[in-house]
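Visitor: I am new to this structure, and I would like to be walked through a few of its details with care.

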Amino acid sequence: MNVKSFWRTITWTIIIIVLCSLPGSQFPKGNFLNIPHLDKWVHGSLYFIWGFLCLYEFCIVQGRQNTHLLKTFFIGMLLGGLVELYQHILIPNRMGDVWDFLANDVGLILSIITFYYYTKKRDNE
């Protein structure tokens, strides 16, 4: 498997790590958009995109296989867990959060379901 084939997923992974590496003082205080649980929506969205990109690139490299669904979920879960741990230990004014981790997983699951049905529908046309 060629790492260059996963440039989209790698780029998005870097974006996630950079955003999650910003100190807590870099973020506005309070919910400036007045959206309940905005940070959870952001986490879910970041990992939804990551999961979709990862599945897309797995399919380009190896063809569509159901094993890619599980691989993507477990790699994404590992990434999300390590980022939360990294935030908790190394980033000032940031704390790892179990709810953020769960929001990441929800985003992953939704991306897997979306990708599965999108490709299944496309294959049937």
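What follows is a short exchange of questions and answers about this predicted model.

Visitor: How many salt bridges does the structure hold?

Guide: Side chains of opposite charge can pair when their charged atoms come close. Counted over the structure, the number of salt bridges is four.

Visitor: How many residues apart in sequence are the parts that R8 and E57 tie together?

Guide: R8 counts as partly exposed at 26% relative accessibility, whereas E57, at 0%, counts as buried. Because R8 lies in helix α1 (residues 7–21) and E57 in helix α2 (residues 38–62), the pair ties together parts whose separation in sequence is 49 residues.

Visitor: Which residues are linked with K40 in a network of salt bridges?

Guide: The side chain of K40 meets that of D39 in a salt bridge, 2.6 Å from N to O, and K40 also forms a salt bridge with D97, the closest N and O atoms being 3.0 Å apart. This second pair links distant parts of the chain, with D97 in the loop between α3 and α4 and K40 in helix α2. The residues linked with K40 in the network are D39, D97 and D100.

Visitor: Is Q87 buried or exposed?

Guide: Q87 lies in helix α3, and a polar atom of its side chain lies 3.1 Å from the backbone oxygen of C20. Since buried means under 20% relative accessible area, Q87 at 1% is buried.

Conventions: Residues are numbered from 1 along each chain as its sequence is written. This is a predicted model: local features need pLDDT of at least 70, side-chain atom pairs count only at pLDDT 80 or more; totals for chains, interfaces and linings use all residues. Side-chain values use heavy atoms; hydrogens and water are left out. Helices (H or I, at least four residues) and strands (E, at least two) are DSSP runs, numbered from the N terminus. Buried means under 20% relative accessible area, exposed over 50%, partly exposed in between (1.4 Å probe, protein chains only). A polar contact is a pair of N or O atoms within 3.5 Å; within protein, one must be able to donate a hydrogen and the other to accept it, and residues adjacent in sequence count only if both atoms are side-chain atoms.
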